[in-house]
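I am keeping these notes while I look through a structure for the first time, one topic after another. My plan is to write down what I looked up and what I found.

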Amino acid sequence: MSRVFNFSAGPAVLPEEVLKEAQAGMLDYDGTGMSVMEMSHRSKAFAGIIETAEADLRELMNIPSNYHVLFLQGGATQQFAAIPMNLMKNGVADYIVSGSWSKKAYKEAKLYGDARLIASSEDKNFSYVPDVDSLKFSDDADYVYICQNETIYGTKYPKLPSTGNIPLVSDVSSMFLSEPMNVSDYGIIYGGVQKNVGPAGVVIVIIRDDLIREDVNPQTPTIMRYITQSEAKSLSNTPPCWGIYICGLVFKWLKNMGGLDVMKQRNIDKAAILYDYLDSSKLFKGTADKDCRSLMNVPFITGSDELDALFVSEAKDHNIESIKGHRSVGGMRASIYNAMPKAGVEALVEFMESFEKAHA
């Protein structure tokens, strides 16, 4: 069976080159006589894997030396609790809620301190990102929190909030490594890798060294303390070895592709194919405001639940999978991550055109 065009929001499409390399070493990684899934995380072979992965990620993102890179478990959702537990020294944090994931993070943070909702776009079903220029942050805030790209609603911050000396914490799960980022603008950047980097089971946390402290919430589990993981170089417990290995292969692939500047332009070009069609279509309509559209996640609807369901059903006959939208938005959602080829977006638009001719 040939591979489909997989538009899943996560776990999501991976580069074929990466999958083939992983397949080739499945039974014998680099002459060790075993799979990465079988080897000790304390072994010399795995030390090479995780150290090389970190070095390649640092190179790709130009991560300054005063930032630590942690390969952790628990997904991005566990960080909803880990962040306030580790960072709430004053017990205060400002949250900008622009979708389901930032809303969940905000609710979780309220369990550990005074999480303040300073802006929200829920009034229009998260179809836009709040205006960050008009925001006033709490003087005693330990950090300001955003989800920079909301997977479900297909929105992305057109600009970052200017937080001054208050650390900015950003969940970048669904845009991770899709474009260059100035790491120094953030206190913490983190993301679950299953959307744009690797298989489910790994979350990468990039954290400035002054935010790694001993004096955290005393109820913070040892394994969730950033100081525990940073001192152990992500090996305090058995890490998700296979997932980290695949992430490392993706980092190599990105470097071979030309780096994040090249990926950003590729992603702009791919997204333009779909957005240009949506803007001209009489049947399909994008749900996110134009000035904050995501390059990674594109939700769209026909306006008819019956036609939406028919579109999702018939898409399978055109090699298009996992195109159904999240229940919060309905309709369809195309996640067009780094590994989605341009041909996949073109195939989707071609099917949309034929569907529109039949049902408009």
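**Entry 1: a pair of parallel strands.** I began with Tyr-95 and found that Tyr-145 of strand S5 stands opposite it. I kept in mind from the start that this is a predicted model. The two strands concerned are S3, residues 92–97, and S5, residues 144–147, and they pair in the parallel sense over two bridges.

**Entry 2: the sheet around that pair.** I then asked myself in what order the strands of this open sheet are arranged. There are seven strands, in the order S2-S10-S9-S8-S5-S3-S4, and the pairing is mixed. At the edges I noted S2 (67–72) and S4 (114–120), each of which pairs on one side only. When direction is ignored, neighbouring strands of this sheet are turned by 20 degrees against each other on average.

I also looked up which helices pack on the sheet. Helix H3, residues 75–87, touches S2, S3, S5, S8, S9 and S10, and its direction makes about 155 degrees with that of S9. Helix H4, residues 100–109, packs on the sheet as well, where it touches S3, S4 and S5, and its direction makes about 160 degrees with that of S3.

Entry 3: Strand S12, residues 297–301, is joined to S14 by four bridges, and the two run antiparallel. In this pairing I located Val-298, which stands opposite Ala-334 of S14.

**Entry 4: the helices beside H7.** How do H7 and H9 lie relative to each other, parallel or perpendicular? H7 and H9 (residues 342–359) pack at an angle of about 10 degrees, with their axes 9 Å apart. Angles under 35 degrees count as roughly parallel, and therefore H7 and H9 are described as roughly parallel to each other. Among the residues that make the contact are Ile-273, Leu-274 and Tyr-277 of H7, together with Val-345, Val-349 and Met-352 of H9. The residues of this contact divide into eight nonpolar, no polar and five charged.

Helix H6, residues 241–257, packs against H7 at an angle of about 85 degrees, with the axes 7 Å apart. H6 and H7 are therefore roughly perpendicular to each other. Here the contact is made by Trp-253, Leu-254 and Met-257 of H6 and by Val-262, Met-263 and Arg-266 of H7. I noted that these residues divide into five nonpolar, no polar and one charged.

Entry 5: A search of the whole structure finds one cavity of 30 Å³ or more, and about 40 Å³ of space lies in the largest cavity. Its lining includes Val-13, Leu-14, Pro-15, Trp-253 and Tyr-337. The lining residues divide into seven nonpolar, two polar and one charged.

**Entry 6: two details of the backbone.** The peptide bond from Gly-10 to Pro-11 is cis, with omega near -5 degrees, and I placed Pro-11 in the loop between strand S1 (5–6) and helix H1 (16–24). Asn-319 has a positive phi of about 70 degrees although it is not a glycine; Asn-319 lies in the loop between helix H8 (305–315) and strand S13 (320–321).

Methods. Residues are numbered from 1 along each chain as its sequence is written. This is a predicted model: local features need pLDDT of at least 70, side-chain atom pairs count only at pLDDT 80 or more; totals for chains, interfaces and linings use all residues. Side-chain values use heavy atoms; hydrogens and water are left out. On a 1 Å grid over the protein atoms alone, a cavity is a set of points where a 1.4 Å probe fits but cannot get out, and a pocket is an open set with protein on both sides within 12 Å along at least five of seven lines; lining residues have an atom within 4 Å of a point. Grid points are joined across faces, edges and corners, and a volume is the space filled by probe spheres set on the points. Ala, Val, Leu, Ile, Met, Phe, Trp, Tyr, Cys and Pro count as nonpolar, Asp, Glu, Lys and Arg as charged, and the others, Gly among them, as polar. Two strands pair if DSSP finds at least two bridges between them. Axes are lines fitted to C-alpha atoms, for helices over the stretch in contact, and angles run from 0 to 180 degrees between N-to-C directions. Angles under 35 degrees count as roughly parallel, over 145 as roughly antiparallel, 65 to 115 as roughly perpendicular and the rest as oblique. Contact means heavy atoms within 4.5 Å.
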